[in-house]
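Reader: I am new to this structure and would like to learn how to read it. Could you take me through a few features, one at a time?

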Amino acid sequence: MTPPLLLRGGRVIDPSRGLDQTADVLIQDGKIAGVGTGLGEPDGVEVRDVRGRVVAPGLVDVHVHLREPGNEDVETIASGARAAAAGGFTAVCAMPNTDPVTDNQAAVGFIVRQSVRAGLTRVYPIGAISVGQKGEQLSEFGEMVGAGAVAVSDDGRPVASGHLMRTALEYARTFEIPVADHCEEPTLAAGGVMHEGLVATRLGLKGIPAAAEEIMVGRDILLAQLTGGHVHLCHVSTRGSVDLIRRGKAQGVRVTAEVTPHHLTLTDRACEGYDTHAKMNPPLREAADVAALRAALAEGVIDCIASDHAPHAYDAKEAAFDDAPFGIVGLETAFGVAHSELVLGGVLSLPDLVRRMSTAPAAAFRLAGGTLKPGAPADVVILDVTAQWTVDPTAFCSKSRNTPFAGRMLTGRAALTLVGGRMVHEAEARAGR
Amino acid sequence: MTALGKDLIGLEHLSADQIRLILDTAEPFKEVSERPIKKVPALRGKTIVNLFFESSTRTRISFEFAEKRLSADTVNVAASGSSVQKGETLVDTARNLEAMRIDMVVMRHPSSGAAGFLGDRIRSNVINAGDGKHEHPTQGLLDLLTIRDKHGKIEGLKVCLVGDILHSRVARSNIWGLSKLGAEVGVCGPDTLMPRGIEELGVCRFRRIEEAIEWADVLNVLRLQLERMEGGFIPSLREYYRVFGVTAERLAQAPRELTVMHPGPMNRGVEIDSRVADGKHSVILDQVTNGVAVRMAVLYLLAGGRPELAEAAKGPAGGGPE
């Protein structure tokens, strides 16, 4: 058993208890043993002076793609968990669009085992809604939950059939898991590679209209209302979606939603010059959408930030825009981007950001974590919110490098990440500090 | 660096002066094609690859004639039967071309941005012969030259593009080129074939062909690709002709003498009436003739040829590129 650890004198932020004060945090037997001022030092304790740092519940990312099984060249559960730890995450949820698809208890169990073997950030599997993500027959939710799945999703593909979405929401109620949907009306989005707007017109690229997302957001909210199920909307990108979610929540519908750091900070103009690192699905939208997403996050209409970490081979993005795959990696830049743009940009307070990256996503997916309450697992991140660093993809722990934030100067990063009291990441005092 | 930069990717990023330079440089090259021996030594010793990932007859032949009349050595590569069909990526294609030390690449590709992608990765000059729905700059230039020949100017003219603007690279190159040279640009077609935000590029929007005909000095009628009907953008070719076809009857209502252009290949009886295509308003074959001259000018300028020497370059003993 690891010796007890006393984090001395940090700014302790715990949104689960409305805490933001200078205090000590004692970790013992993998759990939070106490939070307070002037805590005593048990025998054999390791004391760390964390004055000037922020001690917070570890970050939780409910939407990552770790590519194992099937595409281990670009990411594995171990490399993804290492990237997550470096980004300050103590738990991530792995989407099931692997090869083969994670649509049964054996496949779910494999991910759990690989996560345990890696011994880093916790990796929770998300099972597929439909067998093979084909959008036809429901997967065995019960067995997958029994093996460790925390949600179901066909992410990467929209659930085209309204009937399938309805039955998934109904059936998931027994297991108290969210049904996470990638909202995209397939006939409207077909062939699209970026946001439909003036930039797409100039570049001659096929657009994906905002309505393609909003139609499905609206459908899913109505079906959640109909069934009483919990729908979780992945990577919301448009102002119209925000309005629909706000209305749904006001009516008491069980809807939660996530937004990515890139949709909060970039617009379709990033696609100019056919930069394939700006190619993602849903696409980067317009400035008015970014403003609406930021306001919705501050308001709580959007519950949490999720990275949609999507690794791709180094040469896959080295292609014409039409031919490049969608998606970017995000685990190692998520906090830095969000802190630099949202906290330093005056959109959110730091405690609010911790809530949106830890407490709220843990609550939405009913995961342990997101709190520093005594007795809770010691999933903790120590943040250095003054550290200035430049995004250097070659230094990523992830196996992949596909990011639009390369070269960007960010402020704030994880200094230390603890999972169950065990240190899984410590930032070296790099140049640039 | 040449007066045009390294590559010709589109007209959007050219200045009005650069566009005028190309048109002016094309003038002396027109005469070369009228000679019994249609050859000048301007690009002697240069190697050019015509790399066509999409089928093309007119553009490919036009480029090839332009190259041969400038005495360049040319190789044609079509996507079918090449390593491209065997799954080679564009990057690998580019690297292989580079390794063969060629001087210029003329490329047509189905993906928007492909020409710029290639140009950024190889030292050779790249000329975009059409990339997806993005641009077809030499078509835009030959359209400009044809309008200038016919009207003696471009500034102040009203030019309306008719048809499928959404999928048309010719439309985009025309919009940039015409706007930069001071023409007023209109677009006319059904909303299903109109890209979002097109008005923000500074063009007038017409939903009825009659209104466009009343407004315009020049109609540039775009090809309606037959797959657009299968894609559900229009109900039928028959109806398209009824509603948007440029017919002799409609032209007869025009308040002024209209010039009618078409980048080809035409669908007679779909977007254009045969009587119009073959009639007195049509400059469609002049466009084809000018295509060779404009492409000669572009090749010459990108190879480093000095514009003021173009006149001399066409002489048998004339100086080649610097």
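**Reading a helix, a contact and a charge pair**

Author: Let us start with a helix: in helix H4 (residues 162-172) of chain A, the buried residues are A:Leu164, A:Met165, A:Thr167, A:Ala168, A:Leu169 and A:Ala172. Buried means under 20% relative accessible area, exposed over 50%, and partly exposed in between, with a 1.4 Å probe and protein chains only. Helices (H or I, at least four residues) and strands (E, at least two) are DSSP runs, numbered from the N terminus. Please keep in mind that this is a predicted model, where local features need pLDDT of at least 70 and side-chain atom pairs count only at pLDDT 80 or more, while totals for chains, interfaces and linings use all residues. Residues are numbered from 1 along each chain as its sequence is written, chains are lettered from A and ligands numbered from 1 in the order in which they are written, and side-chain values use heavy atoms, with hydrogens and water left out.

Reader: What covers the buried residues of H4(A)?

Author: Contact means heavy atoms within 4.5 Å. Here the cover includes helix H3 (141-147), strand E10 (179-181), helix H7 (210-227) and strand E13 (231-233) of chain A. At the start of H4(A), the backbone nitrogen of A:His163 has a side-chain oxygen of A:Ser161 within 3.2 Å.

Reader: How many residues does the largest nonpolar core have?

Author: A nonpolar core is a set of buried Ala, Val, Leu, Ile, Met, Phe, Trp, Tyr and Cys residues joined through side-chain atoms within 4.5 Å. The largest has 70 residues, and A:Leu233, A:Ile302, A:Ile305 and A:Met357 have the most contacts inside it. Another core, of 64 residues, lies apart from that one and has B:Ala16, B:Ala42, B:Ile175 and B:Ala183 among its members.

Reader: How should I read one residue, such as B:Val218; is it buried or exposed?

Author: B:Val218 counts as buried because its relative accessibility is 0%. This residue lies in strand E8 (residues 218-221) of chain B. Beyond residues up to four places away in sequence, B:Val218 touches several others, including B:Ile147, B:His151 and B:Leu258.

Reader: How many residues does each chain give to the contact between them?

Author: Chain B gives 21 residues and chain A gives 16 residues. Buried area is the accessible area (1.4 Å probe) that two parts lose on being put together, summed over both. Between chain B and chain A it is about 1500 Å², with 52% from carbon and sulfur atoms.

Reader: How many salt bridges are there between chain B and chain A?

Author: Side chains of opposite charge can pair when their charged atoms come close. A salt bridge is a side-chain nitrogen of Lys or Arg within 4 Å of a carboxyl oxygen of Asp or Glu. The count between chain B and chain A is 3. One of these joins A:Glu318 to B:Arg121, with the closest N and O atoms 2.6 Å apart. For the salt bridge of B:Arg196 and A:Glu196, the closest N and O atoms are 2.8 Å apart.

Reader: Which residue forms a salt bridge with A:Asp384?

Author: A:Arg53 does, with the closest N and O atoms 3.7 Å apart. This pair links distant parts of the chain, 331 residues apart: A:Asp384 is in strand E16 (residues 380-390) of chain A, and A:Arg53 is in the loop between strand E4 (46-49) and strand E5 (54-57) of chain A. A:Asp384 is buried, at 3% relative accessible area, whereas A:Arg53 is partly exposed, at 25%.

Terms used:
Polar contact = N/O pair within 3.5 Å; in protein donor to acceptor, adjacent residues only side chain to side chain.
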